[in-house]
Amino acid sequence: MANLKDIKSRIQSVENTKKITRAMKMVAAAKIKKAESAVKNARPFAEELIRIFKKLLASVEGGATEGVVNTNRAIENYPEFLKPREVKTIGLLVITSNKGLAGAYNANIIRGAVKAIKENQEKGLHTKLFIIGLKGITSLKRKIEGLDAEIVKTYSTVMAEVNSTGAELVAEDLAKSYIAKEIDKIEVYTTKFKNMMSYLAQKWDLVPVSIDKEEETTSTEIDPVMMFEPSKESILQKVMPLYLTNTIYQALLEAQASELAARMTAMSAASNNAEEMIRTLTIDYNKARQWAITQEIIEVASGADAIKN
């Protein structure tokens with residue numbers, strides 16, 4: 001029979017753990033409402049921006065890719081993003097969190113990113129990683145050993161406070177590598193927030209931008225109310241940075257909300273498991289205590305019988 005002191009110590013330890021997990025659940029639940037609101041409010045703008053951007057690309061003639069744009073920011077050099085090129089190196093932006101205790105959230109993203117790297121390797125493509133989040137930075141350093149991949153840039157503070165400034169920093173770094181022809185395609189591996197209980201890990205292309213056939217067929221028939229001044233090319237130079245930055249910003253918002261949802265779910269499960277463990281340990285404690293009392297009674301009775309005899 002287990003020692004009463006040991007069981008009581010375990011019960012106290014589990015109760016302390018339950019206080020922590022319950023507090024973390026409450027914090028995540030409080031934050032996720034704001035994060036969910038931010039995601040849902042930002043989605044309409046992001047979706048419409050992508051639609052207009054693709055329509056604009058489809059309407060711009062091939063001449064828009066000629067020449068060099070004089071700018072201090074690589075993200076504004078739109079002709080380089082429109083020129084077709086052979087893909088030899090993939091730039092993969094992986095978005096993870098800075099903190100753990102979020103269930104399988106980070107593990108799912110890292111597993112998916114490693115799978116994408118292996119698929120690229122099978123196709124003879126090299127992968128360069130741009131990693132957001134301490135969990136991804138730490139794990140992928142070990143996971144990519146032996147694979148045809150390398151870590152180019154890491155960001156440990158972007159997820160601490162999600163804002164457009166952080167998104168712009170990441171977008172500019174990706175643009176510099178793309179224009180320098182260090183990478184030939186930009187992909188993003190992150191999560192899409194579905195609801196408080198679930199999220200979806202997914203990979204999608206950022207550059208080059210894919211244009212639907214429907215958009216191609218209507219490229220010369222732009223809505224009459226849509227006018228471009230001074231030119232489509234000038235507008236494209238402004239829209240390209242907005243597209244890259246806002247798309248990454250939206251991905252960061254989605255990841256933040258997904259992380260909080262995963263943490264709330266994980267901490268809720270942990271709190272429930274702690275309660276179940278406390279219940280089981282309490283039963284074991286009562287049984288041990290009952291056995292100890294019974295043993296003492298037997299010893300007293302045996303001693304009394306021995307005195308009488």
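Predicted model: local features only at pLDDT ≥ 70, side-chain atom pairs only at ≥ 80, totals over all residues.
I started with threonine 89, which counts as buried because its relative accessibility is 12% (buried means under 20% relative accessible area, with a 1.4 Å probe and protein chains only). Residues are numbered from 1 along each chain as its sequence is written, and side-chain values use heavy atoms, with hydrogens and water left out.

Threonine 89 sits in strand β1, residues 89-95 (strands are DSSP runs of E, at least two residues, and helices are runs of H or I, at least four, numbered from the N terminus). What does threonine 89 touch, leaving aside neighbours within four places in sequence? I found His126, Lys128, Glu182, Ile183, Asp184 and Lys185 in contact with threonine 89 (heavy atoms within 4.5 Å).

Next I looked up α3, residues 105-122. Its 18 residues reach 26 Å from first C-alpha to last, close to the expected 26 Å (1.5 Å times one less than the number of residues). Buried residues in α3 include Tyr105, Ile109, Gly112 and Ile117. Just after α3, glycine 124 has a positive phi of about 80°.

Last, I checked α1 (residues 4-59) against α7 (residues 232-308): their axes come within 4 Å and cross at roughly 160° (axes are lines fitted to C-alpha atoms over the stretch in contact, and angles run from 0 to 180 degrees between N-to-C directions). I therefore noted α1 and α7 as roughly antiparallel (over 145 degrees).

Note on methods: Buried < 20%, exposed > 50% of the residue type's maximum accessible area, 1.4 Å probe, protein only. Parallel < 35°, antiparallel > 145°, perpendicular 65-115°, else oblique.
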